[in-house]
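Open the model in your viewer and keep the selection tool ready.

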Amino acid sequence: MAKKFEIGNITLPNRYILAPMAGYTNEPLRKMAREGGAGLVYTEMISATALAYNNQKTFDMLPRDDSENPLALQLFGGDKNIILNAIDFVEKEAKYDFLDFNMGCPVPKVMKQEAGSYWLKRQDEVYDLLHSMVQKSHKPVIIKIRLGFDKKHINAVEIAKIAEQAGIKALAVHGRTRDEYYNGFPHYEEIAKVKNSVSIPVIANGNIDLNNIAEVEKITNADAFMIGRGCLGNPLIFTDLINSEEGKPFIEHTLEKQINLMKKHFDMIINYMGEYNGVRYFRGLSVLYVKGFDNAKYIKNKLISMNTVDDFNSIIKETKDYYLK
Ligand SMILES: Cc1cc2nc3c(=O)[nH]c(=O)nc-3n(C[C@H](O)[C@H](O)[C@H](O)COP(=O)(O)O)c2cc1C
C-alpha cells in the first residue's frame, strides 16, 4: 500500500498531489487527476480582491460540491483585510477541505499587488497575516512558497518557521526562487533545509516525475510530492507514482488509453465551458495527450485547428480507425 499522509487531522490517501495551476486546475482537470490517483488536488489561484469586487468569473472558479474532496482552495492577495474578507466569503460559498495561501506566484500582475511571491519580501508581515488567517479560517490553512525572492534572498526556512508558529498546517515548497520563474533545475537541497527546520508536513515541488521521485525523496525527505505540468496530458502520473512506490510494474500508456483519457477530459471541459470556449481551450491540452506517439504530428495538427465538438469526435474516430487497428 502507498503511504498515507496527514495534514492537520485530515488523512490523505497517498502523498501525490496535484499542484495549483492558473488556467488549468479547473474542475475537469481536478477530476481527471483525482481519478488518476491524486491524493489531494488544488484549485487555480483565486483572487481575494476579485471576490471583493464580486467578479463573476472568479466566483465561477469556486468549488461547490463535495465530489472533489480532499481539495485545497488557493487564495492570493496582497491586502490582509481583503484576504480575511475573502475567507468569510469562500466559507459561505465554496466547498473545500484546506485553505491554501499563494506565496509563490512570480508573475508581474500579481507582484503589482504585492501578492504571491512578493510576500517573501514582506517577511516581517507574514506572521501577522498567517496568524490572522488561521484565526479566521474554520479549515486548516496551508501555504505554498518558493525558496525566496531571488538568489541573494533565500528565506524559505525563515518563512516556514514563521508559518509553523502562526498555525499553518503544511507547506508546499517550489524549489526555485521567484526570479528563476520556471527556469533551470529546482534546488531540492534547499527544500531539505525547510524540511529539517519545521515539524509540519513539507510538500516538495518542481519538475517531479516518475524518473526522479526516488531521488527527490532521498534529497528532501519531504512528506509529500506535488506535480504540476507533469499531469497535463498525463493524469495517470499519480497512478504511476503510486505503482512505483508499491513496487508494481509500470503500466504502459498506450495511444488508445491516452485517446480515451483525452476524450473523457474533453467531454468534461465542454460540459464545463460550453462548446465554443471549450473546444478552443482544449486545443492546447489535447496535443499533450498524444505527445510522443508515432503519427502524433498529424493528429496534433488536426487537434490544434479543431473548431467544434464534431471536429474533435471525427479526429478521435479517424485516429482509432487508422492507428489503433
Ligand atoms: C501554467 C501554470 C500556472 C500556475 N499557476 C499557479 C497557481 O495558480 N498557484 C500556484 O501556487 N502555483 C501556480 N503554478 C506553479 C505550480 O503550482 C508549480 O509550483 C510549478 O509548475 C512547478 O511544478 P511542476 O514542475 O511540477 O510543474 C503554476 C504553474 C504553471 C506552469
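A pocket is found on a 1 Å grid over the protein atoms alone: it is an open set of points where a 1.4 Å probe fits, with protein on both sides within 12 Å along at least five of seven lines. A molecule sits in a pocket if more than half of its atoms lie within 2 Å of its grid points. Select the ligand: the space it takes is the largest pocket.

This is a predicted model, where local features need pLDDT of at least 70, side-chain atom pairs count only at pLDDT 80 or more, and totals for chains, interfaces and linings use all residues. Residues are numbered from 1 along each chain as its sequence is written, and side-chain values use heavy atoms, leaving out hydrogens and water.

Now look for polar contacts (N or O atom pairs within 3.5 Å). Pick Q74: a polar side-chain atom lies 2.7 Å from a ligand nitrogen. At M45, a backbone N or O atom lies 3.2 Å from a ligand oxygen. At H174, a polar side-chain atom lies 3.4 Å from an oxygen of the ligand.

Last stop: the cysteines. C105 counts as buried (under 20% relative accessible area), at 9%. C231 is buried too, at 0%.

Note on methods: Polar contact = N/O pair within 3.5 Å; in protein donor to acceptor, adjacent residues only side chain to side chain. 1 Å grid on protein atoms, 1.4 Å probe; cavity = no way out; pocket = protein on both sides within 12 Å on 5 of 7 lines; lining within 4 Å. Buried < 20%, exposed > 50% of the residue type's maximum accessible area, 1.4 Å probe, protein only.
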